[in-house]
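Please look over the sequence and the model first, and then follow the points below topic by topic.

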Amino acid sequence: MAHRLEIALKDNLLDAEGEGIRQKAETYFGIQLDSVRSVHILTIDADLTDAQLQAVRTDIFTNPVTQISSYVPLDIDFDWCIWVGFRPGVKDNPGSTAVEVIEDLLGIEFPADRTVYTSKR
């Protein structure tokens, strides 16, 4: 079963990645946006228990000082959403690294048909 972990900066912090996208939209395409927020997404395609999923979320992928994260969609208000991920067959290096880190943390080995996919919203 696949689990989608969403990770974003806290509201009170400047989202430099989002600001860069906002500036590029204006510079390259003449699209003026008030703000852009980026959400990093890990789709974990593995059979993990709730306790394992929480350990993965809190011990590896979320900095509690600067970030919020959840396995349910984050409550971030938006007018437009663009979701970008790797095409099938393209090597997802961050996803491969995530698999290694999860395996190390949990002391397990992912079967060959299980993996982690990364994307951004």
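Are Y28 and F29 buried or exposed? Both Y28 and F29 are exposed, where exposed means over 50% relative accessible area, buried under 20%, and partly exposed in between, with a 1.4 Å probe and protein chains only. The model is a predicted one, in which local features need pLDDT of at least 70 and side-chain atom pairs count only at pLDDT 80 or more, while totals for chains, interfaces and linings use all residues. Residues are numbered from 1 along each chain as its sequence is written, and side-chain values use heavy atoms, with hydrogens and water left out.

**Overall architecture**

- The protein chain has three helices and five strands, where helices (H or I, at least four residues) and strands (E, at least two) are DSSP runs numbered from the N terminus.
- Read along the sequence, these elements follow the pattern β-α-β-α-β-β-α-β, and the C-alpha trace spans about 50 × 35 × 20 Å along its principal axes.
- Of the 121 residues in the protein chain, 33% are buried.

**Helix α1**

- The 14 residues of helix α1 (residues 16-29) should span 20 Å at 1.5 Å a residue, and the end C-alpha atoms are 19 Å apart, which agrees; the expected span is 1.5 Å times one less than the number of residues.
- G18, R22 and A25 are the buried residues of α1.
- Seen down the axis of α1, its buried residues fall within an arc of 60 degrees, so they line one face of the helix; the arc is that of the directions from the helix axis to the C-beta atoms.
- The face of α1 turned away from its buried side carries the exposed residues A16, K24, T27 and Y28.
- After α1 comes G30, whose phi is positive, near 70 degrees.

**The aromatic pair**

- One aromatic pair is found in a search of the whole structure, with rings of Phe, Tyr and Trp (its six-membered ring) pairing if their centres lie within 6.5 Å, and planes under 30 degrees apart counting as stacked, over 60 as edge-to-face and the rest as tilted.
- This pair is formed by Y28 and F29 and is edge-to-face, at 6.4 Å centre to centre and with 80 degrees between the planes.

**Helix α3**

- Helix α3 (93-106) has 14 residues and reaches 20 Å from its first C-alpha to its last, close to the 20 Å expected at 1.5 Å a residue.
- Within α3, the residues G95, A98, V99, I102, E103 and L106 are buried.
- They cover an arc of only 130 degrees around the axis, which puts them on the same side of α3.

**Two pairs of positions**

- T66, in the loop between α2 (50-61) and β3 (67-70), is partly exposed, with a relative accessible area of 26%.
- T66 and L13 are 53 residues apart in sequence and 7.5 Å apart in space, C-alpha to C-alpha.
- D59 lies in helix α2 and is exposed, with a relative accessible area of 54%.
- D59 and I21 are 38 residues apart in sequence and 29 Å apart in space, C-alpha to C-alpha.
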